[in-house]
Amino acid sequence: MFRLRFAVVPHAFRGVVLLAILTSLVFVGMQWSSPPEAAASEPVYGGTIRASMVADIPSMDPPPSWDAESWASHMLLYSGLLRFKAGSAEVEPDLAEALPTVSADGLKYTYRLREGLKFSSGRALTAEDVKYSLDRMLAKDTGAWGASYYTAIKGAKESLAGEAKTVEGIRVLDDRTIEIELIEPLSPGWFNTLMAVTWTYVVDREAVEKWGAEFKNHPTGSGPYVLAEYVPGQKAIFERNPNYFRNPKEPYADRIEIELGVDTTVGALKLEKGEIDLVSDPLPPAALQPFLDNPDWKPYISEAVDTGAYLIAMDSSQGLTKDIRVRQAIAHAIDKQRLIQTIGANAVPAKSLLSPSTGIWYDPNIPEYAYNPDQAKQLLKDAGVAEGTPLEFYSANFYPWSEMAQSVQQDLEAIGFATDLHLVGRAAWYESASKHTPIVFNQWPLELYDPSYIFDGGFAKAAMYPDSCCNWSWYTNDDMEARLKAARIEPDANKRADLYKALDRFVCYDQALWIPLFHMKFVQVHSPRLGGYTIPAVYGPSTAQFQHYWVTDGK
Amino acid sequence: MHRYIIRRVLWMLFILFGISLITFVLTVLLPSDPARVIAGPRASAEAVATLREQWGLNQPVYVQYIRYMGRLIQGDWGRSFYTRREVLDSILERLPATLQLALVGALAQLVVGIPVGLISALKQHSIWDRLAMVFSLLGVCTPSFVLGLLLLFYLGFRLPIFPIGGYGQPQHVVLPAATIGLAGGAWYARFLRSSVLEVVNADYVRTARAKGLPERAVVVWHIMRNAIGPVITMVGSDLGYFLGGVLVIERVFAWPGIGLQAWNAIEFEDVPMIMGTVIFSAFFIVCANLLVDIAQAFVDPRVRYG
């Protein structure tokens with residue numbers, strides 16, 4: 001029977017057919033199992049959390065890093081003055097006993113440390129150690145990737161330029177008190193967020209001086225865990241720090257074992273089999289589907305819309321897109337639904353830069369340029385853009401950017417542009433944004449959880465090319481500077497949110513500088529025995545916060 | 001013979017130098033600025049410039065290459081852009097894993113390939129021959145990542161006999177080695193079959209049978225001895241190739257070898273690590289070829305003077 005049916009398949013395709021059958025068996029087979037029973041909601045102490053990551057951990061030393069794996073490790077190994085609450089973007093005191101007091105002019109922040117703080121080595125942690133760590137973060141040679149966000153601190157610029165040994169504005173008042181002085185006020189919400197980011201966390205000076213460049217492999221801090229074993233590219237094992245100031249109340253699990261270099265497809269099999277509790281990277285659709293199809297897994301699936309948007313930015317300073325009608329035409333030309341389908345993404349169409357998941361910063365009433373090719377053509381006609389006008393642009397040659405760019409290319413061809421799309425490597429793609437290309441593809445999630453991160457980063461004069469990044473639409477004027485500053489320093493959270501909502505509308509609709517395309521949805525599965533998991537709000541959704549999780553069986 | 005070996009070793013050095021030059025030029029000339037990649041999509045020009053300075057990327061390409069080679073000769077392979085660890089340390093600490101997989105995998109290829117190829121040649125046109133050839137066709141056609149995933153799924157997940165990926169215990173090596181064995185063994189079987197078919201009707205085989213040797217002795221001492229040559233050559237160069245890391249298989253099985261290292265390096269455009277893993281694997285491949293050639297020169301004088 002098999003032979004008969006197989007005989008009708010042309011000879012050359014038999015191999016292909018067999019391969020297709022074999023491959024599909026892998027994924028069909030994945031749907032046949034069920035997880036064990038449910039998790040309790042109260043924290044359970046003890047036991048081991050097991051997880052996998054695709055990549056290695058680039059740097060367990062906090063300042064020189066900008067990636068999920070490193071951030072996740074810092075939260076285990078170190079503490080800072082402030083930290084983010086579990087699964088939230090809200091800031092709470094960490095080494096400090098309370099949120100800082102802010103002087104009336106908004107320039108001086110004073111932090112009071114808790115009593116009896118210790119490093120994991122047992123050495124006492126004082127305000128001097130906090131200053132040492134912040135000075136180190138802002139020193140030229142440390143190469144801190146996020147240092148430019150802290151240049152509002154008095155003396156930070158001089159230190160980063162190598163002109164000063166310590167940062168003038170960071171002062172130790174006594175063993176338990178430290179003061180930070182700014183040169184211009186920032187909204188306390190934004191500055192507190194910055195001071196909760198792991199780059200500011202306190203490192204053990206003795207270990208730094210002992211290990212030098214190798215400190216990142218011998219990290220020593222005052223966090224909930226210590227590094228018990230690290231085999232690069234293979235595994236990182238963390239054990240409870242007996243000297244942690246919240247011990248024994250926190251953390252919950254005694255041990256965290258992370259397997260490194262595990263592909264997500266293999267990670268999904270391990271998760272389903274119960275070998276691990278979490279794959280910290282996003283699962284590919286094919287590996288995720290069996291979990292989604294099986295109702296037994298439903299309680300262990302979390303979903304969240306990402307904070308930012310995938311977007312197109314257009315050059316408003318020269319060329320075709322200098323004319324707002326051309327920018328509006330391009331916005332009208334893009335079929336966002338088809339774009340989402342083309343890339344096979346789990347996503348929702350966007351009309352603002354900040355997504356619904358950002359709460360008070362999201363404005364549901366921002367109008368949008370609906371998909372309307374006819375109107376787009378009319379706008380181009382009004383702007384005097386002839387049929388067949390060339391339009392050259394760049395995108396990356398890997399998923400989803402290549403697929404996105406090709407979908408947009410079709411839309412632009414449909415309204416009469418003769419497009420010339422270059423799909424290039426990562427660096428050339430990043431670099432193309434500085435070359436006045438009419439269209440830039442990118443995305444901007446709130447890794448640093450504040451609208452200033454996007455709006456100052458994308459529209460301030462200080463973000464203009466070629467000296468800086470990423471004013472992709474080359475848009476700058478005094479009015480914009482004033483609006484950005486007003487939002488950056490506004491102390492009242494609600495008023496501030498209104499300012500950013502107005503800015504979001506201004507750049508996406510009024511000026512059509514950036515076209516928000518979609519907000520990606522992040523779907524994550526965890527094992528039934530993992531408690532406390534929510535999709536992280538800060539540092540991006542794949543930055544796991546193991547210090548807040550527990551295993552319900554305590555094993 | 002000495003002159004032949006010296007000539008080959010000089011060639012080998014020249015080839016390694018060529019490979020290092022081509023790889024370096026490719027990584028540098030591609031429209032790709034490593035500092036830009038390290039710094040990320042939203043880094044300021046200032047941050048990128050600082051990185052360039054830190055990593056010496058602001059020098060002209062030929063200066064970068066000469067400096068790189070100068071340091072390489074002194075044993076300094078540079079630091080990874082991504083993990084910022086010493087490249088040579090990172091490669092050497094992965095060598096045992098790669099060595100283990102290479103040896104067991106090469107053995108598995110022989111264990112699979114020799115019996116299948118031999119049976120199919122000795123029983124030419126029988127059902128066994130056809131089955132063997134279907135097996136080898138499938139083995140040759142199936143991409144190793146599909147085969148690896150199938151083995152993982154059925155023998156690691158459905159029937160939990162073996163661990164799903166990982167490294168450390170002896171059982172961890174079974175599935176990745178079996179993947180190499182099935183895929184590579186299929187090639188070996190096809191090679192062995194054709195070389196056995198070439199000698200099976202040779203005069204000396206007929207003579208051996210005519211003088212009344214038992215069939216087993218005929219196969220082992222007369223057929224196999226003359227037909228196994230190409231397979232041995234293949235094992236030699238395969239081993240060299242595997243020692244440079246088995247990229248796809250190491251990735252599928254989370255096998256912490258040099259191949260996985262290279263894969264990650266390519267993903268992150270980590271130039272020092274790409275250079276390191278390429279030169280390291282090239283070294284093994286070139287050495288394996290050298291050894292095979294020398295062995296052949298010993299056996300066959302025509303090679304020496306040719």
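Reader: In which helix of chain B is Leu21(B) found?
Author: This is a predicted model in which local features need pLDDT of at least 70 and side-chain atom pairs count only at pLDDT 80 or more, whereas totals for chains, interfaces and linings use all residues. Residues are numbered from 1 along each chain as its sequence is written, chains are lettered from A and ligands numbered from 1 in the order in which they are written, and side-chain values use heavy atoms, leaving out hydrogens and water. With helices (H or I, at least four residues) and strands (E, at least two) taken as DSSP runs numbered from the N terminus, Leu21(B) is found in helix H1 (residues 2-29).

Reader: What does Leu21(B) count as at 33% relative accessibility?
Author: Residues are called buried under 20% relative accessible area, exposed over 50% and partly exposed in between (1.4 Å probe, protein chains only). Because its relative accessibility is 33%, Leu21(B) counts as partly exposed.

Reader: What is the area of the nonpolar surface patch made by Trp11(B), Phe14(B), Ile15(B), Phe17(B), Leu21(B) and Val25(B)?
Author: A patch is made of residues with over 30% relative accessible area and no salt bridge, where like charges are joined within 9 Å and nonpolar side chains (Val, Leu, Ile, Met, Phe, Trp, Tyr) within 5 Å; a salt bridge is a side-chain nitrogen of Lys or Arg within 4 Å of a carboxyl oxygen of Asp or Glu. Accessible areas come from the Shrake-Rupley method with a 1.4 Å probe, and for residues only the protein chains shown count as cover. On these terms, the patch that includes Leu21(B) comes to about 560 Å².

Reader: How many helices does the secondary structure of chain B have?
Author: Chain B has 306 residues, of which 50% are buried, and its C-alpha trace spans about 85 × 60 × 30 Å along the principal axes. Its secondary structure has 0 strands, and the number of helices is 15.

Reader: Which residues form a disulfide?
Author: A disulfide is taken as a pair of cysteine sulfur atoms within 2.5 Å, and this rule gives a count of 1 over all chains. With their sulfur atoms 1.7 Å apart, the partners are Cys469(A) and Cys470(A).

Reader: Is the disulfide of Cys469(A) and Cys470(A) right-handed or left-handed?
Author: A disulfide is a covalent bond between the sulfur atoms of two cysteines. For Cys469(A) and Cys470(A) the torsion about the S-S bond is about 80 degrees, so the disulfide is right-handed.

Reader: How far is the sulfur of Cys508(A) from the closest cysteine sulfur?
Author: Cys508(A) is buried, at a relative accessible area of 6%. The closest cysteine sulfur belongs to Cys470(A), which is too far away for a bond because the separation is 16 Å.

Reader: How many of the 5 residues of strand S7 of chain A are buried?
Author: Side chains in a regular strand alternate between the two faces of the sheet. In S7(A), Thr177(A), Glu179(A) and Glu181(A) point one way while Ile178(A) and Ile180(A) point the other way, and all are buried. Strand S7 (residues 177-181) is therefore largely enclosed by the rest of the structure, the buried count being 5 of the 5.

Reader: Which way do strands S15 and S16 of chain A run, parallel or antiparallel?
Author: S15(A), helix H13 (residues 401-414) and S16(A) make a right-handed β-α-β unit, meaning that, with the strands pointing away from the viewer, the path from the first strand over the helix to the second runs clockwise. Ala396(A) stands opposite Val424(A) in S16(A). Strand S15 (residues 389-396) and strand S16 (residues 417-424) are joined by 8 bridges and run parallel.

Reader: How far apart in space are Glu387(A) and Phe417(A), C-alpha to C-alpha?
Author: Glu387(A) lies in the loop between helix H12 (373-382) and S15 of chain A, and counts as exposed at 71% relative accessibility. Glu387(A) and Phe417(A) are 30 residues apart in sequence, while in space their C-alpha separation is 6.4 Å.

Note on methods:
Two strands pair if DSSP finds at least two bridges between them.
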